[in-house]
Amino acid sequence: MNCSRCGTVLEENVNFCPNCGSPPQQQNFQQPYSPYNTIPAPADYLIWSILSLVFCCLPLGIAALIFSIQCKTAFAAGRYEEAIKHSRTAFQCNLIALIAGILVLIIWFALAMIGVVAENSGNF
Ligand SMILES: [Zn+2]
């Protein structure tokens, strides 16, 4: 291993660097810093986006899916802030798609009920 301060090659089990006198920091070699281990991946809502796309058939489903993929891509590239931003946008798109989907369902039921009532009143 090398000295963490000056880079001098150190022998095993030495307590300090013969060149600069700093203690060898072995823990740095045992636990290398990795953003993928320390930072949890933001939720990409990929499954929800696909469901929004399939069941709602709205442009929002496509938008949500794109933001989900961008979230994954940004995180894989180490752009954590960007990944969080895309994660939030994907969530918002999915939420709006879900509400819109429910509203469409309610309107569809309402129209069906009006149709049934109109049909029944037409019999009198
Ligand atoms: Zn040194």
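Predicted model: local features only at pLDDT ≥ 70, side-chain atom pairs only at ≥ 80, totals over all residues.
User: How much of the protein counts as buried?
Analyst: Of the 124 residues, 22% do. As for contacts between residues at least 6 apart in sequence, 43% of them join residues at least 24 apart.

User: Which residues of the largest nonpolar core touch the most other members?
Analyst: A64, F67, C71, A90 and C93, out of 15 residues in that core. The elements giving two or more residues to the core are α4, residues 59-76, and α5, residues 80-122.

User: Which one gives the most?
Analyst: α4 does, with eight residues. In general, nonpolar side chains in soluble globular proteins tend to be buried together.

User: Which residues of α4 are buried?
Analyst: L60, G61, A63, A64, L65, F67, S68, C71, A74 and F75.

User: What span should α4 have, and how far apart are its ends?
Analyst: At 1.5 Å a residue, its 18 residues should span 26 Å, and the end C-alpha atoms are 26 Å apart, so the two agree. Just after α4, G78 takes a positive phi of about 85°.

User: Back to C71. Buried or exposed?
Analyst: C71, in helix α4, is buried because 28 other C-beta atoms lie within 10 Å, and the cut-off for buried is 20 or more.

User: What does C71 touch?
Analyst: Leaving out residues up to four places away in sequence, C71 touches P42, D44, A83, H86, S87 and A90. C71 and A83 are 12 residues apart along the chain, and their C-alpha atoms are separated by 4.3 Å.

User: And A64, what is that in contact with?
Analyst: Setting aside neighbours within four places in sequence, A64 is in contact with Y45, S49, S52, A90, C93, N94 and A97.

User: Where does Y45 lie?
Analyst: Y45 is in the loop between α2 (35-38) and α3. Y45 is buried, with 25 other C-beta atoms within 10 Å. Its phi is positive, about 55°, although Y45 is not a glycine.

User: Where is N13, and is it buried or exposed?
Analyst: N13 sits in the segment before α1 (27-30). N13 counts as exposed because it has 6 C-beta neighbours inside 10 Å, and 12 or fewer is the cut-off.

User: Last one, W48. Which helix is it in?
Analyst: W48 is in α3, residues 46-56. W48 is buried, with 21 other C-beta atoms within 10 Å.

User: How far is W48 from L95?
Analyst: They are 47 residues apart in sequence and 9.4 Å apart in space, C-alpha to C-alpha.

Conventions
Residues numbered from 1 in each chain as written. Core = buried A, V, L, I, M, F, W, Y, C linked by C-beta atoms within 7 Å. Helix = DSSP H or I, 4+ residues; strand = E, 2+ residues; numbered from the N terminus. Contact = placed C-beta atoms within 7 Å. Expected span 1.5 Å × (residues − 1).
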